[in-house]
Each structure stands twice: as structure tokens, then as C-alpha cells.
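Please open the structure in your viewer and keep the selection tool at hand.

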Amino acid sequence: MTRVTLKDVSKYYGSIVAVDHVSFTVEKGELFTLLGPSGCGKTTTLRIIAGFETPDTGRVYFDDDDVTFLKPYKRNTAMVFQNYALWPHMTVFDNVAYGLRVRKRELKLSENEIKKRVMWALELVKLKGLEHRYPLQLSGGQQQRVALARALVVQPRILLLDEPLSNLDAKLRIEMREELKRLQKSLGITTIYVTHDQVEAMSLSDRVAIMNKGKIIQVGTPRDLYFNPKNLFVADFLGRSSIYRGEVLVQEGNGAIVKLEDTDITVRGVTPEKTLPNKVAVVIRPEVMKIGSSEDSKDTVVKGTLEFAMFVGDKVEGRVKIGNLKLLVYLPNTQEVRIGDEVTLTIPWRNTIILPLELE
Amino acid sequence: MTGSPRAGLSDVILASVFFSALYMLGFEVLTPFEAELFAYIVWVASFLYGYFALLLGFDYVRVKSSPTLSFIAAVLALYEIIVIFTGVSGVLRLLAVAFSPFVGLVSLGALREWFSSIKSQREIAKVGFGYRVKSAFYQLDRTMWFFFITGFIYLVAFMLIPILIVLLYSFTPPTGGEWWANFYTVLRTPGYVNLKPLYAEPFKKITLPSGECIVVLRGVNYGPVLNSIIIAAIVTATTTILGTFVAFILARYRFPGHTLLRVLAIIPLFNTPFINAYVIKLLWGEYGPISTLLRAITGCSLRIEGLAGVAVTQILSFYPIVYLNAYTSFINVDPSMEEQAENLGAKGFKLFRSVTLPLALPGIVAGSILVFVFSLEDLGAPIVFNERELMSYRIFSGLTTVYGQVSPEIAALGIVMLVFALIAFLAIRNYVSMRSYAMISRGGRWNPRIRRLGRLGVVLVYLLVFPLVVFTALPQIGVILMSLRVLKPYIGVSGLEIGISEDPLYSFRRILSDPDIYKYVTNTVIYAGVAVVIAAFLATCIAYSVSRIKVKSITSVLDSLAVAPLAIPGLVFALGYYILFSGLGRILPVQIGARISPASPAFEAWLVFILAYSVRRLPYVVRSVFAGFQQIHENLEEAALNLGATRLKMVFGVILPLIMGYILSGSLIGFIYMVTEVSTSVTFGGIRQEQAPLTFFMKQYYTGFAGLGPEVVAAIGSILIALQLIVVIVIVYVFKQRYAFIGI
Ligand SMILES: Nc1ncnc2c1ncn2[C@@H]1O[C@H](COP(=O)(O)OP(=O)(O)O)[C@@H](O)[C@H]1O
Ligand SMILES: [Mg+2]
């Protein structure tokens, strides 16, 4: 198992800053995800780790070895490309066996052993029996598995996955997500995963790094990021939320009381900042709100009318109007609601996040 | 928008009028000597006006982004350069003065933009020097180095050095002359540039005592340098208009007979050196069908000779190059762009002029520029029409008459030809690469816009386009008929004779049985075979390094070197090899020197043929292979490197199998063009006849020398046509690629 460290890595394409002084460490056996909107530099970062690009500043380490200028074929990483990059003129078997065959002598493998290991990998991804097909004869999900088997069969130090599920349909994606997680844990390979899908990132990862415009904004466990976003970008990017401008009345430690703009509502919330500026943003996630009033006197209780409701299956999404304020809420799908209903809501202070207005 | 006054096109036109008036005024009021001086001052001033206009805020970007304006700029700049070089005066120079504010504006604007881009690049380069060097070397692993260096060295050794040697040699003055004396001779003496021709009428009417009347179309002799340029310009312009017209009709309209017309339209592309021009000479001669038709209508027959004959031959042979490019360009124009314009009310010719043509223009002129170079270097038509007043013929005779010695004057002429070809080529290449947006419609496999033709249109097509296309295909058809001994090769008493022969396959049998002809055929096959293998290997090296090394400064040099052979006239290669090998022959030890020096009887001419073929036809192979690499997603390579394959293993295991089709089809095209190569084959073939290739044989015998008639040469021509037809079919139907010249 290998630890991966990036120190101050940047990459420029002409005037575009694709990766901007990025540093992070991926621990042994960890599944680490780079999450960010498209074009933020995730793929470029991954390509630097694989050795397809060299950084313009900074260094890359595998354990304690500086691999910044090591050739890709000497790094023993295995990458699953977004487009799978299966060789169309080779069968599934030949595709998967390629990595073993080119290093046959080095690894002292006989053709028999290669066969055994290829079958092991194909079994791992549940593709046994398809080894003589050509990639174009396979479905998207199957191609994806071949790409995965091709990467796993060489028993890489580091597994690199670039949006591996983005070309699959929704149902298959969830299935593969679970399978990936299972495989990664059972094989214990250090894995770096790239995606723009926050649900995927949250459900798979040990830790997630949020990227924007080439920079790492925040690194942490999914739970940590979700509940303790460092700034408004992270808070806005992860999950859905209602965000309001407000004015700080009191700040004490990591708590603060804020008066929401254009209303006479004050809410209490928590903040990662030591000292908040006067004008702030208040982030309230729909699923933390409770219907009805609360015992905790620090929570804010508001009353309003249901202005809009939409049945989405597992819940009802609604908008509650409280004076000038509109609040996104999730209601249980068993509850019959009508527009115009009176609703009492509790905004729990522990889950109300107060952040500076700047995005970064 | 700021309220400051901005200079516009009308200001530039005003400046043109002003400077032209000033120029003419000078000749009215000043002494001839002063006027001449003044003329140059006005000229320079009008050029510099361009910078003034830029300072006044003329929107250079507008010219750059308008396909039409920038194309006009490129052509005018070329005109300007030709006038400067040849030193013509009078109206032609006045025109140059009139164009120069615009040319100055564009060239200075481009220069300014280039400088500022360098500056801004320097500003954004935050990358440390060490990282830049390391990353350059990172991409250049051993395999990459090998690929890059191999391609580079071959091109430097067998293209660049020979040409530099010609250049050097051209500056060897005759005894007592200045160092530039040869260029003075070539550009300023009436033997080469003659502004006061003896007969200034391009054609004249002769009435014979018998009352018969003949119109003789000859052209005007302005000396070889100007003649070549004028013919190249006429041929380029005519083929461009003709090719674009036919391509547009075929690309956009469907009518009965469409497929037949498409097939007929590429027939003239089939290259049959010498015999093709010979047939054209028959068909366009006094007793040919065209003349006969004219006599029936007007009472006068037509005879086409000399320069005019060369021009007609070249137009007929080169027009499919433009046609193929234009056809592909029209197909590639995004239909939604036309639909959008139509939606906004543009129709008919306006739609064509305002949307379709500008979008297709880069592809079209990419073909035109090849025609320009081909016309300059063409040797077949001048030899057949015995037209010595052309640069190509002069260089050819300079190379073949005095054995063992080429005069530096001829070298200077070669350099002049090269400079014209190169400048035109670079201007157009720059223009094309700048606006390839319309061409590179990535993966754009849309259905091109096709309309049915109205009744009037169909009549027009049958009356105009069909005869035109059949007409251009006549020479090849004539060659086939002659090889089958249907068309008689000589003018009989009653004109051109046609009749079924009792033994139509005689000429073909002759080819198979004659050991002499057999020798020429095997020579050609061996030379072209070896050369094409070399070219395919080099092309793979070059195309791979150019498409994968991301250090722009390195790849652009190699890329330019690899397309350069398209812009270098074959005769310049011949000159280069001749002078280089003569020099080497003198330097090297006698045993080797004797086999390398063209002056020696033991000269190994095959070496020159293989080198010349492989270098001259390299661009065709490179382009095809390059297209292959562009089709392959880089991820496919990276996946292999990632799994532990070194680049060498990756290239052989993964990439080559994937692009084999492209390598093969590029090689096929290269092979065809090698087999039909004329310039070096004919010059060096004459030096060592037993090692000469087929085209040399065709040149020697197309007139029927030594009992071998034109019919035998025509039979070889027919075989070449068949060969080329097979190649086209294989490329289109087996490799599923387009057969076009696009992408200079
Ligand atoms: N080879 C390249 N040349 C130029 N720009 C590039 C190249 N690769 C990536 N970029 C640019 O770098 C930025 C980051 O790209 P990428 O890493 O692919 O983003 P992501 O994977 O997060 O969507 C983008 O603006 C992209 O346009
Ligand atoms: Mg990406």
C-alpha cells in the first residue's frame, strides 16, 4: 500500500490555470475523492499523479519517493479512464492481459499464470464468460468493468478512477458504486477517485477534497464537509440548502446570532470562523428542519404558509413562506399536504451554518 | 464603443487612391530619374500608411477574421512580392502601389499581433526554467527521441541541405561579377524577364492563300520567369473557379446522372506523364475535334501552341485537385450554418456568396495553392509543347545539356522558382491553418444539404456541367483509346483519325515482351517500392512526434519541414541533388566518389531516385498517418503506458495496429505519386539510362522515337490509370477514407 502526497502542484495551459498550487495527502488504503464542478482541474490532477503530465510547479510523492518526473510506465499506478480507453482491436481477455504481458519478464509470469490472473480479475468484476468478446460488443456497464479489471489485474500501488460511473445509467451507477466500494476495501488499494457527482463522492469516499478553479477548497470526511463546510462554496456545492444574507448580532465562540436581511427573524447557528464579518450568509439545509416546535430554546421556531409542494417519490419538496423569507423544506411522503397550509417549523441551531459571504 | 474616430476600409481605399494619384503625378511633373526615385518613396509611404491606419484604430482583427478579406490580403501580398522581385513597372507597379496600404495594414497588423502574443506569453509563463526543461525531456523518452531525430535528420539531410547548397551555389558569380550577379541576370535581363515582348498579341489570325483561316493561340512571351508566374496564376485562377463550380453543383444538388458525373470528374486526376499532354496537343490542335467544331461554326480553325498549350494542358490536368478539395469542403460545411442564414432570408447566390463560400474557402484554396506549385514545376506540358520560355524548361535543359556542370545561373533560377512557390505556399498555409474551423468539424458526420435541381437547373447541368466534365476527362479517355489503337497518334490527311484496330492489344503485348520496357517498369517498381517503405516509416515517426510532443516550438519545426516538399518544385530537388552529389563526388575517395558523381559513367542514379521519391512524396503519407493519429484518443496510449508498457511496446502493440489503415492508404497515394514523378526521374534518367524509371521512358518515346510509338506509351498510361483507379477504390471502399488533398 502506498501513500500519495502532492505538494504545491500547479499546471498551466497557456493562460489557463488548470491546477493551482494543490497540496494533499492520500493515506495508505484510503479512498480519496476529488470533487468539484466540471473544468475545475480534477482530471489534470489525476493525470499528473499518473504521470501523463508533468506539473509546472510542485512535487508528487509516492510514499517517500519523489515521482514528479518518473515515467508513467514506471509508476505502477492503474487508471480507469472516463471513456474507458479499451483497445478496440483486442478482445476482453487481451485487453485485461495487456498489463501483465508487457511486464511478463519483469514479473516472471508464464502464459498460464497470466491466464489465471486475468480470470481472477474478470471474476472480480463479474465478467467471466465474456473474455472473447471485443469491447464494441459490450454494453457500457460491461466495458466499464473491463476497464476496471484491466486496472486491477496488475495489482497497482495506486488505483486512479476518472469519473468511472458518469457514462452509466442511474440504476447501474448505484450498483457499480457499491461494488467499487466493496472491491476497494477488500483489495485495500490506495484509490483516488474523481467525480463531479457529490452523492457518489459522499457515499464512496473515506475523505473528499473539494476543488474549484484549480484550487483545493476543503479536505475532510464526507460528514465533516457536509456539516462543517469551511466556506460558502462548499456549503452551496454540497447538498441543497437555503442561503440567506444576514447581519451578525452576537458572536460567542463557534456560535452566533444573526438577523436575516429584510425580515425580523433572528436565528442562532454555528460557524467555523473565529470572528465573523458583520454581513454573513446563513445556510439552512432542508432536511434538518423539523415540523412542529422544539424543546431546545436555542432553536428557532417559525410559522409560515406552504407556498409550493412537489411530490418527488421518497419525499415531498416544499417551499414555506415566512414574511419575506422563503424556506426549502422536505416533508415526509406519507403526509398529505395542500398549498396554503399553515406550517410550524423548527430550525435547529446546531445545523444552521453561518459563513462569510465570500465564496472562497 | 468609444467615440473616437476609427479608420475603416473606406479610409484605406481613399489612401490607395491618394498614393496612386501621387505616383502618377510624379511621372507627369518630374524628370524620369526623379520620378523613379519618387515612385519608390510613394510606394514605401503607402505601405507604411498601414501602420498609421492601425494607430488610428483600424480594426485589424476584422480583416483577420473575415475569410474573404484575409484571402484577398494574402493574394495581394503575393502580387506585391512578385512585382518587387521581377521589377516590372508601369501599370502593374501602379497597381502594387494602390494595393500596398491594405497589404501594409495587414502585414504590419499581423506582425504587431505576433509581437504582443510573444510578450503576453512571457507574462503568463510562471513556470520555472528547470521545470520547463524537465518537462520537455520528460515527453522525449528514448522512443520519442528516435522518432523525432530520424524524421528530422532525414529531412535536413535530403531536403534542406540540397536546397541550401543550391542557394549557396547560386551566389557563385561569373568571373568579375558581383556576388548577386546571377540573380540580376535572372530577374533583370530580357533573357529571363522581358517586358517588351516582340509580339504582344496573345493570338493572331492567319489567312492562308487558299482562303482558309487559322487562329493561332500562343500567348505572349515575357521571358521565362514572368511566363511561368503568369501561367501559374492563370492556371490557378481557372482551375479554382472551374473546380469550385463543379464541386458545388455535385455537392449540393442531385439530378439524374449525378453519380456518373462524380466518377467522370475525378478522371482528369489520373496522371499519365507526357502522353496526357501529347493527347491534349492532338485534341486541341488544328485538326482536333475542338478546332473542327469551331471551323464548322466560325469558318476559322484554331491552333493552340506554346504557352497557351501549356496553360490549357495544366488547367485540364490540375483542375480535379481543386475540385476534390472544394467538394470535401462543401460537404463539410455545417448545414446548420446555411440553414440559419436561409432562415434569415439569404437565398440562392447570396447564400452561397455570404455563407457557404467563406466557410469552404480555406479548403478550396488549400487545393489551389498546390495547383500553383504544380504548375510552376510542371515539366510534362512544356516538353510536349516544346515551350522553352518557362523556368521549368530552362532548369531542365540546364541540368541535362552540359553534363557534369550546372551553371550557377540555373541555380539562381531554381532559387527564384522556389521563392515564388514557397512564399505563395506559406501565405496560403498560414491563412488555411488560421481558419480551419469550418473544415475541422470534429466527428461531424452530418447529412450535408442536398437539394433536387429544378427543371431549368437540370437543363443547365446537362448543357454546361456535363460537357465541361466530359471535356476535362477527354485526355485520359484519349490515352486509353490510343493505347487500344482506336485513336491514331498522328494527324492523317483528313485530320484526327479514329477507327477500330484489328489488334487492339498490340501495345500491351509489346510492354510485356520488350525487355527494355520491362527494365524500366522494374526500375520504377523497385525505386517506388523502397521509397514508399522509407516514406511510410518516416511519416510514422514524424506524425507521431508532431501529434504527441506537446512542446510547440519543437513540433512546429518538424511539421513545417514535413510539408515543405509540397512547396518545393521538383526541379529544385533535382538541382540540389545534382550539385550536392557532384560536390560529394569530388570530396569523397575515388572509389565511392565515382559512383556518386552524376558526371561519372559509374553514377548510381538509383540512389537519387529513391531519395527524391521518398522526400518529395513524404507529405502525402505524413498527412494520412497524421489523420490516423488524430483519430486515436490519446487515452488509448496512456492506458498502455499506465499499465507498464514502454512507449516502444505501446507503439508497436497498440497504436500501429490501430492506424495501419491510414499508413497503408497514405503509402498507396505516395506510391502512385512516386511512380508518376517527373522532375528528378527525367533529369537523372537521362544521365544513366539503364537505371532510368518509367517516366523517363515515357518522355523519350511519346513521340515515337526508335520504332516505339506513342501507342506504347499510351498503353503504359492506361496501366497507370488503372493503377490509380484501383488505389482510389481501395482507399475509399477498403480503408473508408476520403481521397482528397485537404490539409496542406
Ligand atoms: N490539454 C489541455 N490543453 C489546454 N487546456 C486544458 C487541457 N487539459 C485541460 N485543460 C483545461 O484545464 C482546465 C481543467 O481541466 P480538467 O482537469 O479536465 O477539468 P475537470 O476534469 O475537473 O473537468 C479546464 O479549463 C480545461 O479546459
Ligand atoms: Mg474531467
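Select C213(B) and C300(B): a disulfide joins these two cysteines, with an S to S distance of 1.5 Å, a disulfide being a pair of cysteine sulfur atoms within 2.5 Å. The torsion about the S-S bond of C213(B) and C300(B) is about 105°, so the disulfide is right-handed. The pair links distant parts of the chain, 87 residues apart: C213(B) belongs to strand β2 (residues 213-217) of chain B and C300(B) to strand β4 (residues 300-304) of chain B. Helices (H or I, at least four residues) and strands (E, at least two) are DSSP runs, numbered from the N terminus. Over all chains, the structure holds one disulfide. Both C213(B) and C300(B) are buried; buried means under 20% relative accessible area, exposed over 50%, and partly exposed in between (1.4 Å probe, protein chains only).

The model is a predicted one, in which local features need pLDDT of at least 70 and side-chain atom pairs count only at pLDDT 80 or more, while totals for chains, interfaces and linings use all residues. Residues are numbered from 1 along each chain as its sequence is written, chains are lettered from A and ligands numbered from 1 in the order in which they are written, and side-chain values use heavy atoms, with hydrogens and water left out.

Next, select ligand 1. Which residues are around ligand 1? They are Y13(A), I16(A), A18(A), S38(A), G39(A), C40(A), G41(A), K42(A), T43(A) and T44(A), where a residue counts as near if one of its heavy atoms lies within 4 Å. Display the distances from the oxygen atoms of ligand 1. An oxygen atom of the ligand is 2.5 Å from an N or O atom in the side chain of T43(A), and a polar side-chain atom of T44(A) lies 2.5 Å from an oxygen atom of ligand 1. For C40(A), a polar backbone atom is 3.1 Å from an oxygen atom of the ligand; these are polar contacts, pairs of N or O atoms within 3.5 Å. The protein covers 61% of the 560 Å² of accessible area that ligand 1 has on its own, by the Shrake-Rupley method with a 1.4 Å probe. Colour β2 (16-26) and α1 (42-50) of chain A, the elements that give two or more residues to this shell. Of these, α1(A) gives the most, with three residues. Remain at C40(A), which is buried, with a relative accessible area of 1%.

Now turn to the nonpolar cores (sets of buried Ala, Val, Leu, Ile, Met, Phe, Trp, Tyr and Cys residues joined through side-chain atoms within 4.5 Å). The largest has 316 residues, and those with the most contacts inside it are Y98(A), V225(B), Y323(B) and F697(B). Helix α13 (residues 306-332) of chain B gives the most to this core, with 17 residues. A second, separate core of 25 residues includes I265(A), M289(A), L331(A) and L345(A).

For the last stop, inspect the backbone of chain A. Most residues other than glycine have a negative phi. D8(A), however, is not a glycine and has a positive phi of about 55°. D8(A) is found in strand β1 (residues 4-13) of chain A and is partly exposed, with a relative accessible area of 37%. Finally, select Q155(A), whose phi is near 45°, again a positive value in a residue other than glycine. Q155(A) is in the loop between α5 (140-152) and β7 (158-162) of chain A.

Note on methods:
Polar contact = N/O pair within 3.5 Å; in protein donor to acceptor, adjacent residues only side chain to side chain.
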